[in-house]
Amino acid sequence: MSKQYFGTDGIRGTVGRDPMTADFAIRLASAVAQVLVPEGGKVLIGKDTRLSGYMFESALEAGFTAAGADVLLLGPLPTPGIATLTQQYGADLGVVISASHNPYHDNGIKFFDGTGSKLTDEIELEIEKQLAQPAITLESRQLGKAKRIDEARVRYQEFCAGTLPIGMSLEGLTVVFDGANGAGYKVGPRTLADLGAEVITIGCSPNGRNINAGCGSTQPELLSATVAAVDADVGIALDGDGDRLVMTDEQGNLLDGDQLLFILAMSRKAAGTLKGPVVGTVMSNLGLEHALREQDIAFHRAKVGDRYVLESLKASGGTIGGETSGHMIVLDRTTTGDGLVSALQILAIMQSRKEPLSALAAGMPKYPQTMLNVRTDQHLDPAKSPEIMAAVSEVEAELENSGRVVLRASGTEPVIRVMVEGEDHEQVALLAQRLADVVAQSTA
């Protein structure tokens, strides 16, 4: 049975359009409460900095308390912070109001269970079944209560700092931090400063509408320019909800999730603490796979989506994995992808080895890779289109087994992602555009 509302990372869409309305949020909270906390329980609600977050926060609070659950309102905090605090507060459920890297006019709602883990497909299907029923309101004596928790941000900062080796300081490092005008705009700079780093901030002045706008992990050009201009040691950029991470070296050169994963894997191997395979996705660069192979480090590819990386890690006994986009999972530090925690692990490696980030990343060559997004108003499985698959076969033949082609429908946006990878940058770009044109014609 396919899901109507839940995608790869919760429920997401344009605010004011179904399902991202206040009415739906109330019904969703009621359905989730009846499936996961039918006898009442404790629910944490956090959000990013989008203007619509106020509306959805109030609607979810109403739906949960009407169904008998107690609600703790945490305010703006990164998505992984909600996962962590759900465990720390002994809550039954954590709720995040965020559309991650999307523009401010989108929003989303996603959930963590009491262990800080994302919900399974089976539970999401149960919630969708319950959504067919009206929201409930219990009699007065059974209603839940709500209160705002002011110390949540400090507790999360302390958790992040505690993921560094005991006694580790970041003194001597000058860090440019880009918070994407999102959920990490306070906790990021304050955690780094508390650990001794000199912090220069950009993208840390949210106004409700500028989240991910010209800043953050999806638009890191300002970060690169700032690092080079102020002669910083390193740059850190999160996305709007703080679970993605990209970094720049001391020269302003961008490092994506594949390169950061390589650095983590090499450090863990040198320390003798690497467990199981490293897990990437079908979109991970071939250079990562080949570099790890040369070091006798096993590498597995999962479907795109940090939940699938996590599933593969748990199934294989691995502890580190991630996506090219910057979703990094470090299971011996936290339960879900956490941009700030992952950044701290990289900074700790720099400090312990006394090497710049450029040197740490030098062992992984990157194959030229072009990814194009083809917008579509209709649901399309590329693998079921004869025209598209014929074009894929032609492109693969031209690559002559020295590259890869990946087509997939996004789980968070109405687009088909077209990726071509190979040894020659110009060839890769031309083949990707040719294939994207075929996809566009097939979806018109």
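A salt bridge here is a side-chain nitrogen of Lys or Arg within 4 Å of a carboxyl oxygen of Asp or Glu. Keep that in mind for this predicted model.

**Stop 1: the network.** Select D9, R12, K110, K118, D241 and D306. Salt bridges link these residues in a network. Across the model, the rule gives 23 salt bridges.

**Stop 2: a pair within one helix.** Go to helix α4, residues 121-130. Show E126 and K129: their closest N and O atoms are 3.5 Å apart, forming a salt bridge. The two are about one helical turn apart, because three residues separate them in α4. E126 is partly exposed, at 39% relative accessibility. K129 is partly exposed too, at 47%.

Stop 3: Select D332 and R268. Their side chains form a salt bridge at 2.8 Å, N to O. D332 sits in the loop between β15 and α11, and R268 in helix α8, so the pair ties together parts 64 residues apart in sequence. D332 is partly exposed at 36% relative accessibility, whereas R268 is buried at 8%.

Stop 4: Now E421 and R404. Are they buried or exposed? Both are buried. Their salt bridge spans 2.8 Å, N to O. E421 belongs to strand β18 and R404 to strand β17, so parts 17 residues apart in sequence are tied together.

**Stop 5: crossing helices.** Select α3 (79-88) and α5 (152-161). Their axes come within 10 Å and cross at roughly 95°, which means α3 is roughly perpendicular to α5. Display P80, G81, T84, L85 and Q88 of α3 with A152, R155, Y156 and F159 of α5; these make the contact. Five of the contact residues are nonpolar, three polar and one charged.

Notes. Residues are numbered from 1 along each chain as its sequence is written. This is a predicted model: local features need pLDDT of at least 70, side-chain atom pairs count only at pLDDT 80 or more; totals for chains, interfaces and linings use all residues. Side-chain values use heavy atoms; hydrogens and water are left out. Axes are lines fitted to C-alpha atoms, for helices over the stretch in contact, and angles run from 0 to 180 degrees between N-to-C directions. Helices (H or I, at least four residues) and strands (E, at least two) are DSSP runs, numbered from the N terminus. Angles under 35 degrees count as roughly parallel, over 145 as roughly antiparallel, 65 to 115 as roughly perpendicular and the rest as oblique. Contact means heavy atoms within 4.5 Å. Ala, Val, Leu, Ile, Met, Phe, Trp, Tyr, Cys and Pro count as nonpolar, Asp, Glu, Lys and Arg as charged, and the others, Gly among them, as polar. Buried means under 20% relative accessible area, exposed over 50%, partly exposed in between (1.4 Å probe, protein chains only).
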